[in-house]
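Please read it with the sequence and the model side by side.

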Amino acid sequence: MPPPEVGVEEDPSTTTTTTTATTPTSKLHALPVFKPDLYERAWQSIPHPTLPLLATAHQKSVTVFSLATLTSHSSLANGHERSVRSTTWKPNLPPHKLCLVTGSFDSTAGLWRWDDTGAGGDADSDSDGLGLEVEVTASDKARDDDKDWELIVVLDGHDSEIKSVAFSPSGQYLATCSRDKSVWIWEDVGAAEADDDWETVAVLNEHEGDVKAVAWCPETTATARGRYGTDVLASASYDNTVRVWREDGDGEWVCVAVLEGHEGTVWGLQWEPISRDGRFPRLMTWSADCTVRIWSLQEEDEEEEEQEAPRHAWGGIGSGIPSTMRRSLKEEWECTATLPKVHTRDIYSAAWSASTGRVASTGSDGTIILYEETGDESTTADTHADDEIAAAELDGDVPMTNGHPEKTKKKKGPLKRTWKVISNTPNGHGPYEINHVVWCKRYDTGCPPEKRGIEEMLVTTGDDGIVRPWEVMKEETEQSS
Amino acid sequence: MDKDNANPTILNVSELPTRRDRRKKASRKASESKLDAIMRKPQYLSTPFCDIPWSDDTESDDDFTVEPIDEQEVYDLISTISDPEHPLSLGQLAVVNLPDIHISPSPSVAADPNTLTRVLVKITPTITHCSLATVIGLGVRVRLEKALPPNYRVDVMIKEGTHSQDDQVNKQLADKERVAAALENVTLKGVLDKMLETCV
């Protein structure tokens, strides 16, 4: 449950609010909103991985906006009987071919395709990935909005509302999750891209409550231990936990870790977009408990693994682990940071930037918070003490008191870093709740041409049906209003 | 089907706290004397602020006729909701009670329509196992979200110790996504619409 007090926003005329100990050093500048307004609750806006398009889920449809014109590009309607809660772009398709999956409260997922090869005839002009956009912008007015999106497949199987859908980085797998407490993994086993012969490869039933979100780990060069498949999925739940899933090499998907710590529904999660220092990507989760947490995989050295072999691997993780889960597939994840707690109500969304490493979060309080990670390996006295304990534990007798994995620190532990708030923007959508925040590249005319496709902006999506881009600006010396 | 509680305690409508009648008269009077309202001095210039020379707080200028929403007004919005199984209102059944409504920050003529205001309503199901507690809570939440301005955040909870699964019900009622999905469920929506029919 959220704490009893609702944050009292300060007078909006003073935009340089400092509700935390840290003085903000950046500010968000509102850019013109996407047109048209949707005039109804919008849940989520997902940028295309490479093209300047943004898909916003609202009511029973999806509106695709152009990031160049900040106006509607197309829409996907009449595919669902109830609200579309979530959407995901299929990656790695040739330009002029779009594929979007929608997850709906009607308990189905829809797979939609847009094939534009016949319409433009300028397929050679899109080597920079902008061809589609140029063509679309030129002929926007003439196009019937619904003409080019076609609902190809309805993925049926969940018992109740689908909350989230996500394609794996290669596009091979699609994950869906639902209030029915399950996560499904689907694969297109057809010979060609457009065959769309989708099969269920796994139904994961270990969560004890609604599964609110699924997210795939990005492709990484980090040396994940070799005995796993390359794809890693994480799920966040109403049961307050996060689970990490891997394919065991024999086509079986298993839960390799349960992340416990949040004290409320975990609304969502995102993997670190670019891992640092050759480490495995961290996982960011956010919750109704008003916190954003960062979790790190405890990467073990080979010799340590041998030393640990006799441990009771299941001691401390909890009762939810199935006995079929083999010891060799277990991973230890530790909460290595909790971002400064500023939000006063449920955090519905957070976003981790691939280019700056900054995190933005938002939610029921309508506030947008921007955080930055500071310092490298922490050198505070406390951490030294920790290190000494860890070192002592690794020496000699190593009792490894079973059942308390959080106490068994390893020499090569995760980086200890701290996060600070660099900007605090109340009332991002006026009095309304904000359901989603995401980083995406700028292609609009307000951005200098040489920075288009490079510079980032934030996009927030709210209960007011507004999709609003924000530019992150350095705080000038003193803001006078 | 047997009702969960066939013999609930019923309060007399005339004994329930309300400001309804008075408000109706007040608004009629206000419309009759529109000109007066426009011409008269803003309230912030009368006591106890009359000794403050022209305040530079111009923002409150057009707010001087707006009454803040207080607990009584919230009570009036939800006490008339019908119970899903009795032909009685939630006020009559004492499922909603004025002392169990809390507004924070406390009602005042807030200058800023963006300031978040939390309305916490603790409901008392008629018996501890009332399976309809979630539906009643949903009705209260939906009613208030429709009636209150968008800067209000409505939290509906089961009053402590009055229900056997209050944590579960509270968590469901606090879950925006579940509430949104519930409202798209035709059967449930029908029950809710019927409960809210009696709200004016």
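Two residues are taken to be in contact when they have heavy atoms within 4.5 Å of each other. In this predicted model, 26 residues of chain B are in contact with 35 residues of chain A. The two chains bury about 2,700 Å² between them, with 51% of that area on carbon and sulfur atoms.

**Interface of chain B and chain A**

- On the side of chain B, the residues that lose the most area to chain A are B:K176, B:E177 and B:E184, which together account for 27% of what that side buries.
- The rule finds 9 salt bridges across the interface, and a salt bridge links A:R85 with B:E177, whose closest N and O atoms are 2.5 Å apart.
- Polar contacts between chain B and chain A, counted where both residues are at pLDDT 80 or more, amount to 17 residue pairs.
- The elements of chain B that give two or more residues to the side touching chain A are β3 (152-158), α5 (166-174) and α6 (176-182).
- By class, that side of chain B is made up of 11 charged, 8 nonpolar and 7 polar residues.

**Second largest pocket**

- The second largest pocket has a volume of about 840 Å³, and its lining consists of 34 residues.
- Nearest the centre of this pocket lie A:R41 and A:D463 from chain A, together with B:R141, B:E145 and B:K176 from chain B; B:K176 is also among the residues of chain B that lose the most area to chain A.
- Within chain B, α4 (133-147), β3 and α6 each supply at least two residues of the lining, and the largest share, 5 residues, comes from α4(B).
- The lining divides by class into 16 nonpolar, 15 charged and 3 polar residues.

**Backbone features**

- Most peptide bonds are trans, and most residues other than glycine have a negative phi.
- In chain A, a cis peptide bond with omega of about -5° joins A:K35 and A:P36, and A:P36 lies in the loop between β1 (26-30) and β2 (42-47) of that chain.
- In chain B, a cis peptide bond joins B:S104 and B:P105, with omega of about -5°, and B:P105 is placed in the loop between β1 (101-104) and β2 (117-123) of chain B.
- A:S107, a residue other than glycine, has a positive phi near 75°, and A:S107 is found in the loop between β7 (97-104) and β8 (108-115) of chain A.

Technical notes:
Residues are numbered from 1 along each chain as its sequence is written. Chains are lettered from A and ligands numbered from 1 in the order in which they are written. This is a predicted model: local features need pLDDT of at least 70, side-chain atom pairs count only at pLDDT 80 or more; totals for chains, interfaces and linings use all residues. Side-chain values use heavy atoms; hydrogens and water are left out. Buried area is the accessible area (1.4 Å probe) that two parts lose on being put together, summed over both. A salt bridge is a side-chain nitrogen of Lys or Arg within 4 Å of a carboxyl oxygen of Asp or Glu. A polar contact is a pair of N or O atoms within 3.5 Å; within protein, one must be able to donate a hydrogen and the other to accept it, and residues adjacent in sequence count only if both atoms are side-chain atoms. Helices (H or I, at least four residues) and strands (E, at least two) are DSSP runs, numbered from the N terminus. Ala, Val, Leu, Ile, Met, Phe, Trp, Tyr, Cys and Pro count as nonpolar, Asp, Glu, Lys and Arg as charged, and the others, Gly among them, as polar. On a 1 Å grid over the protein atoms alone, a cavity is a set of points where a 1.4 Å probe fits but cannot get out, and a pocket is an open set with protein on both sides within 12 Å along at least five of seven lines; lining residues have an atom within 4 Å of a point. Grid points are joined across faces, edges and corners, and a volume is the space filled by probe spheres set on the points.
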